[in-house]
Amino acid sequence: SSAFCLINNGYGSVSSAPLGLIMLLSSPCAVVVPRLANGMGERKVFVLASALGVAGSLVQMAGTMVFREHGSAAQLAMILAGASVQGFTYASSNNLRFAVARFSPPEFLPTATALVLFGGVVSSLFGPLLSNVTRYMIPGADYAGNFLQIALLYFLFGVLAKLTDFEEPVGKRSKGEGDEVDRALGMLLDDSDYRRMEEEEDDNDEYIEVGARPLSEILIKTDLPLLTLFQCLSYNIMALYMSQVPLPLDALGYTPNQGTLVITAHMLGMFVPGLVSGRIIGRVGIWTGTCAGFLVSILGGGVMLVNYSLALFFVGMTLVGVGWNLSFVGPSALVSTIYTPKERADVLGFNDGLMLLTIGIFALTGSQIYKAINSWRVFIYTLIGISALSAFAAVAVGFRTARRGRLKVNAAGDRTREGDAADAADSIDHSEASLEGSLEHITQAVNK
């Protein structure tokens with residue numbers, strides 16, 4: 001809505017600025033949100049995010065109602081100001097895909113993550129369609145109805161967050177609550193210096209106390225930087241398509257309502273595959289699925305190169321959305337497997353903070369990049385090239401991690417045959433095995 005509003009108001013060169021500000025400012029918020037969730041609980045964080053989202057949307061609505069003249073700089077300022085407030089909201093809602101790990105067993109995690117993303121299907125259908133209905137709802141103030149609609153949706157998000165049974169913050173848990181999660185993750189993570197066995201004074205039972213590794217150690221010993229990189233590539237390729245497609249559509253004479261329908265098709269492509277993408281990735285492997293996603297994005301760009309018909313914009317942008325889902329879900333799900341509860345804030349802060357920073361930079365400057373290129377075809381060719389390099393990198397990483405996983409499993413099998421089953425199980429690095437492509441593989445390897 002913000003992009004079409006700015007284009008309609010003569011600010012096409014900065015039409016992606018509101019989205020860019022949301023993404024850019026959500027980057028530092030992504031570092032803060034997990035820590036706030038640890039301290040005050042996820043429920044309160046999401047309710048606060050809802051309140052800020054409502055406030056930002058109302059500011060944007062006020063800008064379109066008070067400053068109605070074409071080319072109004074004050075209207076532009078208020079739209080950008082409202083978008084800035086929503087940075088915290090986006091960073092918070094982005095954590096829902098990780099919050100789901102608390103409600104899901106490990107073997108169901110890829111599917112659970114995909115289903116969270118599938119929740120966007122409802123918004124993909126009703127959000128843009130509602131925008132078409134509400135765009136001219138307030139006479140003389142185009143797009144004000146859109147921002148009112150967004151404010152109401154943010155309010156509904158806060159109500160749902162209030163009703164959801166999120167985990168209590170660490171400080172409010174009863175003694176022993178959550179220990180099982182810590183112990184299970186401690187047994188899965190291969191880090192002998194990180195775990196220690198202690199004995200209770202009152203009995204002889206042993207338990208595993210899981211501490212928090214420094215972020216620098218996690219970055220060195222796990223594939224977190226690699227997973228974050230692939231999420232950045234996947235998200236930025238998709239976001240550049242989505243944020244800039246209104247410009248060629250407007251230049252070709254298509255109406256804002258037609259442009260909204262193209263975005264709707266794109267968002268359906270992003271989220272509908274969530275019904276099956278988790279199972280597909282679990283079957284074919286993380287990196288095979290990631291590579292396939294980038295290839296589908298290439299296909300989507302190629303379709304839009306055939307001609308400039310509205311039908312091919314629909315098909316091409318839908319395929320770009322499907323490609324994002326396949327290439328993003330796998331690496332995102334694996335991030336949830338490489339940290340313990342005490343490391344969650346650091347890991348998610350790094351992962352989401354860096355990812356949103358890159359998205360914000362490209363979204364904020366995307367319109368300027370497009371204007372400098374001044375060609376939709378060249379713009380698509382550029383993104384196809386980046387997608388091809390990303391697909392090749394996914395294949396290379398897949399071969400590397402598959403070989404590394406096989407070596408670990410073979411070593412475990414040899415030790416098991418020698419009668420040292422416990423040491424064999426401990427020798428398997430959970431994060432390395434998971435990169436071979438399936439969380440199911442981890443369970444099978446550990447049980448050998």
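Which helix gives the largest share of the nonpolar patch? I will come to that in a moment, but please keep in mind throughout that what we are looking at is a predicted model.

Let me begin with the protein as a whole, which has 21 helices and two strands. Of its 448 residues, 52% are buried, and the accessible surface amounts to about 19,300 Å², with 65% of that belonging to carbon and sulfur atoms. If we take the contacts between residues at least 6 apart in sequence, 80% of them join residues at least 24 apart.

Now to the opening question: the helix is α8, which contributes six residues, the largest share of the nonpolar patch. The patch covers about 850 Å² of the surface and is made by L125, F126, L130, L153, F155, L156, V159, L160 and L163.

From the surface I turn to the salt bridges, of which the count comes to five. In one of them R344 pairs with E42, and the closest N and O atoms are 3.1 Å apart. R344 sits in helix α17 (residues 344-373) and E42 in helix α3 (residues 42-66), so this pair ties together parts of the protein that are 302 residues apart in sequence. Both partners are buried, R344 at 8% relative accessibility and E42 at 9%.

Another salt bridge joins the side chains of R213 and E343, with 2.7 Å from N to O. Here the partners are in loops, R213 between β2 (206-210) and α10 (215-221), and E343 between α16 (310-335) and α17, and they are 130 residues apart. R213 is buried at 6% relative accessible area, and E343 is buried at 1%.

The last pair I will show is R400 with D223, at 3.2 Å between the closest N and O atoms. R400 lies in helix α18 (residues 376-417), while D223 is in the loop between α10 and α11 (224-244), so the pair ties together parts 177 residues apart in sequence. In this pair R400 is partly exposed, at 40%, whereas D223 is buried, at 11%.

Finally, a word on aromatic residues and cysteines. There are 13 aromatic pairs, and one aromatic cluster is formed by Y254, F313, Y370, W376 and F379. The structure holds zero disulfides; among the cysteines, C232 is buried at 8% relative accessible area, and C291 is buried at 13%.

Terms used
Residues are numbered from 1 along each chain as its sequence is written. This is a predicted model: local features need pLDDT of at least 70, side-chain atom pairs count only at pLDDT 80 or more; totals for chains, interfaces and linings use all residues. Side-chain values use heavy atoms; hydrogens and water are left out. A disulfide is a pair of cysteine sulfur atoms within 2.5 Å. Buried means under 20% relative accessible area, exposed over 50%, partly exposed in between (1.4 Å probe, protein chains only). Rings of Phe, Tyr and Trp (its six-membered ring) pair if their centres lie within 6.5 Å; planes under 30 degrees apart count as stacked, over 60 as edge-to-face and the rest as tilted. Patches are made of residues with over 30% relative accessible area and no salt bridge: like charges are joined within 9 Å, nonpolar side chains (Val, Leu, Ile, Met, Phe, Trp, Tyr) within 5 Å. Accessible areas come from the Shrake-Rupley method with a 1.4 Å probe; for residues, only the protein chains shown count as cover. A salt bridge is a side-chain nitrogen of Lys or Arg within 4 Å of a carboxyl oxygen of Asp or Glu. Helices (H or I, at least four residues) and strands (E, at least two) are DSSP runs, numbered from the N terminus. Contact means heavy atoms within 4.5 Å.
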